Amino acid sequence: MKKTEIFREITPLTSENCFILIDRTKSEFNYPVHVHPEFELNYVQGAPGAQRIIGDSIEVIDELDLVLVTNPDLEHAWFNHECRSKCIREITIQFHPDLLDSKLLNRTQFKPIEKIFEIAQKGLAFPRSTIEAVRPRLENLCNTKGFYSFLEFREVLYRLSIS
């Protein structure tokens with residue numbers, strides 16, 4: 001990737017939140033290549049032909065895209081490229097790296113999640129079958145509040161980790 005200025009995003013995630021979820025419909029991608037200290041799970045629907053850049057990986061995405069980024073220095077962005085859709089849905093979940101502390105991640109039941117967090121240091125794009133399997137949970141998460149939203153989010157992470 002040609003070196004350009006990298007935007008250091010200051011996310012709206014506060015210390016009082018376990019995570020933030022931003023569910024939006026948009027007509028284009030217009031956010032620059034960026035980094036941030038928070039982990040991010042990003043779901044895109046309805047943007048075939050868009051371009052995803054994660055680190056040194058540049059790929060054209062299909063109708064569905066789901067990526068986990070767990071590296072505070074990993075550059076990432078989505079661009080319109082050849083996407084002609086004007087109805088793109090994007091669900092972005094940003095969460096603190098210590099959401100699941102290391103003592104918890106070292107427990108047998110959480111080892112799969114620890115493993116995907118390690119792999120996602122370089123960015124982890126999920127296959128369509130996995131995206132379709134977790135999509136109902138992501139949509140449910142958009143409509144869930146409070147403690148149950150945290151449980152639902154952990155379920156999403158676990159399902160991704162065993163896919």
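Predicted model: local features only at pLDDT ≥ 70, side-chain atom pairs only at ≥ 80, totals over all residues.
**View 1. Arg89 and Asp23 form a salt bridge.** Their side chains meet at 2.9 Å, N to O. Arg89 sits in strand S9 (residues 88–95), and Asp23 sits in strand S2 (residues 19–26). The two residues are 66 apart in the chain, so this pair links distant parts of it. Asp23 is partly exposed, at 36% relative accessibility.

**View 2. Arg89 also pairs with Glu139.** Here the closest N and O atoms are 3.5 Å apart. Glu139 belongs to helix H3 (residues 128–142), while Arg89 is in strand S9. Glu139 has a relative accessible area of 31% and is partly exposed.

**View 3. Asp23, Arg89 and Glu139 make up a salt-bridge network.**

**View 4. Glu152 and Arg137 bridge two helices.** The salt bridge spans 3.0 Å, N to O. Glu152 lies in helix H4 (residues 146–161) and Arg137 in helix H3, so the pair ties together parts 15 residues apart in sequence. Is Glu152 buried or exposed? Glu152 counts as buried because its relative accessibility is 10%, under the 20% cut-off. Arg137 is partly exposed, with a relative accessible area of 25%.

**Whole structure. The search covers every salt bridge in the model.** It finds eleven.

Note on methods:
Residues numbered from 1 in each chain as written. Heavy atoms only, no water. Salt bridge = Lys/Arg side-chain N within 4 Å of Asp/Glu carboxyl O. Helix = DSSP H or I, 4+ residues; strand = E, 2+ residues; numbered from the N terminus. Buried < 20%, exposed > 50% of the residue type's maximum accessible area, 1.4 Å probe, protein only.
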